[in-house]
Amino acid sequence: FDVNQQLFIIPSTQDNPYPMYQVSKVNASQIDLSYFIDYEVKTKSYITTDSLPKHSASTYQLCRDAFQSLYYVGDEVRYSKGMEHLKQYLQDGAPLANNDGFINLHFTINCQGQVGRFGLELLNTKYEPTDFKPELVSHIVHKVKKIRQWDNLGKVTYRGAKDVKMFFLVKIRNQKIVDVCP
């Protein structure tokens, strides 16, 4: 929404509060979002890595736009083929990394097994924010988005939920993906 020619984004719902972001910088290669937390101004910067097709649109929707269960509640929701297969799947065709650390990809699986609502944390080996090559991050996100095999997804009912929040922590060592865990 717009207030006095300042653009704001509120990606929250009543059940999932997030900060309100102010668009503080926009150009052809970068968007900066500022937000306020604990009396401090923080900024998230997003750099474009490639362009989207002109008619690209997401068809991803939650089955219930309210509470999402966590993957470990009740009958655990897991990747059906196992973590070793997931590691090999993500390693296949992965570009080399520019440093060691962790890529924490969190996402929501809807009741139809589709993956969306991605979040991302990039950490070095000291668990401090860092950057990885955009090609590697894009590779991981695109691979995870294609996954449709989830155990126990139909059993999700905790607090009326139909959708599940999940994450994969991808460990990078010697420029390669060496492990993945939820």
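Ile 9 sits across from Tyr 21 of β3. That's one contact point in a predicted model, so to speak of the pairing behind it: strand β2, residues 6-9, runs antiparallel to strand β3, residues 21-26, over 2 bridges.

β3 has another partner in strand β4, which covers residues 30-37. That pairing is antiparallel too and comes with 4 bridges. Here Lys 25 stands opposite Asp 32 in β4. To get from β3 to β4 the chain makes a hairpin through 3 residues.

## The chain as a whole

Stepping back, the chain has 2 helices and 12 strands. Walk along the sequence and you get β-β-β-β-β-β-β-α-β-β-α-β-β-β.

Of the 182 residues in the chain, 32% are buried. As for contacts, take those between residues at least 6 apart in sequence: 61% of them join residues at least 24 apart.

## Who makes up the core?

Which residues touch the most other members of the largest nonpolar core? They are Ile 103, Phe 107, Trp 150 and Phe 168, and the core counts 29 residues. β11 gives the most, with 5 residues.

Ile 103 is a handy place to start looking around. Setting aside residues up to four places away in sequence, Ile 103 touches Leu 120, Glu 121 and Leu 122, then Phe 132, Leu 136, Val 137 and Ile 140, and finally Phe 168, Leu 169, Val 170 and Ile 172.

## Rings on rings

There are 6 aromatic pairs in the structure. In one of them, Phe 107 and Trp 150 have ring centres 6.2 Å apart and planes at 45°, so the pair counts as tilted. Phe 107 belongs to strand β8 and Trp 150 to strand β10 (residues 150-151), so this pair ties together parts that are 43 residues apart in sequence. Phe 107 and Trp 150 are both buried.

Trp 150 also pairs with Phe 168: the ring centres are 6.3 Å apart and the planes are at 20°, so this pair is stacked. With Trp 150 in strand β10 and Phe 168 in strand β11, the link spans parts that are 18 residues apart in sequence, so these are tied together as well. Trp 150 and Phe 168 are buried.

A charge meets a ring elsewhere: Lys 143 lies over the face of Tyr 89, 4.4 Å from the ring centre.

## Helix α1 and its buried lysine

What does α1 bury? The buried residues are Leu 86, Lys 87 and Leu 90. They span an arc of only 100° around the axis, which puts them on the same side of α1. The buried residues of α1 pack against β7 (78-79), α2, β11 and β12.

Lys 87 lies in helix α1, and its relative accessibility is 17%, so with the cut-off at under 20% Lys 87 counts as buried. Apart from neighbours within four places in sequence, Lys 87 is in contact with Val 178, Asp 179 and Val 180. Just after α1, Gly 93 takes a positive phi of about 80°.

Most residues other than glycine have a negative phi. Where are the exceptions to look up? Asn 152 has a positive phi near 65° and isn't a glycine. Asn 152 is found in the loop between β10 and β11. Its relative accessibility is 27%, so Asn 152 counts as partly exposed.

Gln 175, also not a glycine, has a positive phi near 70°. Gln 175 sits in the loop between β11 and β12. Is Gln 175 buried or partly exposed? At 37% relative accessibility, Gln 175 counts as partly exposed.

Note on methods
Residues are numbered from 1 along each chain as its sequence is written. This is a predicted model: local features need pLDDT of at least 70, side-chain atom pairs count only at pLDDT 80 or more; totals for chains, interfaces and linings use all residues. Side-chain values use heavy atoms; hydrogens and water are left out. A nonpolar core is a set of buried Ala, Val, Leu, Ile, Met, Phe, Trp, Tyr and Cys residues joined through side-chain atoms within 4.5 Å. Buried means under 20% relative accessible area, exposed over 50%, partly exposed in between (1.4 Å probe, protein chains only). Contact means heavy atoms within 4.5 Å. Two strands pair if DSSP finds at least two bridges between them. Rings of Phe, Tyr and Trp (its six-membered ring) pair if their centres lie within 6.5 Å; planes under 30 degrees apart count as stacked, over 60 as edge-to-face and the rest as tilted. A charge sits over a ring if NZ of Lys or CZ of Arg is within 6 Å of the ring centre and within 35 degrees of the ring normal. The arc is that of the directions from the helix axis to the C-beta atoms.
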